[in-house]
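Subject: Handover of a protein structure

Dear colleague,

Please find below the structure that I am handing over to you.

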Amino acid sequence: MTDQIDYLLNIVRRIRKYASFWEWPNKAVKELGVVKDLLTSMTREGVNRYTNPRSVEDDWPDCAAEDEQGQLIAIEVTELVDEEAIQRSQRGQPVYRRWEDRDILNAVHNILLRKDQKSCHGSLYGRVILVIHTDEPELNARRLFPLIRSVRFPHLNNIKEAYIICSYDPFT
């Protein structure tokens, strides 16, 4: 019994303390949870483009699903978060990251370019989509979505769709 308690306490100690809405000890479970939350959100809006989401054991992509025609699609999952804030929080320092609009746009731009370079699927997947999730306190849907919509991001070669999902916000 004490081994189980020690195991659980170890997990609790390691759990991230900053921007941790989707945090989970198992990365594959976390990524699949993000994808499922996105698809649930899309369904609420009447968009049912993808079904049967699942984790992929390979290095790339993180997840896969089928589109409306039954074609297999690759889903890459990444996070918009301040890594320094995570580290400081883990050391017990109080942290609150203030995001300027240009910082947000630069971060999203860099994520898109970095993930597009990594996303080469050959013929196994019909297309690649990117899901960016965030639990940053200042990056709620009311602030983030209008800002993102106001900008034209660069053309991507491999990623055909990109989505941003925010943690729970009772106002949206």
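The notes below go from the whole chain to single residues.

This is a predicted model, in which local features need pLDDT of at least 70 and side-chain atom pairs count only at pLDDT 80 or more, while totals for chains, interfaces and linings use all residues. Residues are numbered from 1 along each chain as its sequence is written, and side-chain values use heavy atoms, with hydrogens and water left out.

**The overall fold**

The protein contains five helices and five strands. Here helices (H or I, at least four residues) and strands (E, at least two) are DSSP runs, numbered from the N terminus. Their order along the sequence is α-α-β-β-β-α-α-β-α-β. The radius of gyration is 17 Å, close to the 16 Å that the globule rule gives for 172 residues, so the protein is as compact as a globular protein of that length. That radius is taken over C-alpha atoms, and the globule rule is 2.2 Å times the number of residues to the power 0.38. The C-alpha trace spans about 50 × 45 × 30 Å along its principal axes.

How many of the residues are buried? Of the 172 residues, 44% count as buried, a word that means under 20% relative accessible area, with exposed meaning over 50% and partly exposed in between (1.4 Å probe, protein chains only). The accessible surface comes to about 10600 Å², and 50% of it belongs to carbon and sulfur atoms. Such areas come from the Shrake-Rupley method with a 1.4 Å probe; for residues, only the protein chains shown count as cover.

Contacts (heavy atoms within 4.5 Å) also describe the fold. Among those between residues at least 6 apart in sequence, 67% join residues at least 24 apart.

**Aromatic pairs**

A pair of aromatic rings is described by the distance of the centres and the angle of the planes. A search of the whole structure finds two aromatic pairs. Rings of Phe, Tyr and Trp (its six-membered ring) pair if their centres lie within 6.5 Å; planes under 30 degrees apart count as stacked, over 60 as edge-to-face and the rest as tilted.

Phe-21 and Trp-22 form an edge-to-face pair, with 4.8 Å from centre to centre and 85 degrees between the planes. Phe-21 is partly exposed at 43% relative accessibility, whereas Trp-22 is buried at 9%.

Trp-60 and Tyr-125 also form an edge-to-face pair, at 5.9 Å centre to centre and 90 degrees between the planes. Trp-60 lies in the loop between strand 1 (51–55) and strand 2 (63–66), and Tyr-125 in the loop between helix 4 (101–118) and strand 4 (128–134), so this pair ties together parts that are 65 residues apart in sequence. Both Trp-60 and Tyr-125 are buried.

**Backbone details**

Most residues other than glycine have a negative phi, and most peptide bonds are trans. Where does a cis peptide bond occur? A cis bond joins Trp-60 and Pro-61, with omega about -5 degrees. Pro-61 is in the loop between strand 1 and strand 2.

Ala-19 is not a glycine, yet has a positive phi of about 50 degrees. Ala-19 sits in the loop between helix 1 (2–14) and helix 2 (27–44) and is buried, with a relative accessible area of 10%. Asn-52, likewise not a glycine, has a positive phi of about 55 degrees. Asn-52 belongs to strand 1 and is partly exposed, with a relative accessible area of 44%.

The contacts listed here do not count residues up to four places away in sequence.

- Thr-78 is in strand 3 (residues 72–79) and is buried at 11% relative accessibility. Among the residues that Thr-78 touches are Ile-111, Arg-114, Leu-130 and Ile-132.
- Leu-105 is in helix 4 and is buried at 18% relative accessibility. Leu-105 touches Leu-147, Ile-148, Val-151 and Phe-153.
- Asp-67 is in the loop between strand 2 and strand 3 and is buried, with a relative accessible area of 4%. Asp-67 touches Arg-49, Tyr-50, Ile-73 and Arg-127.

With kind regards
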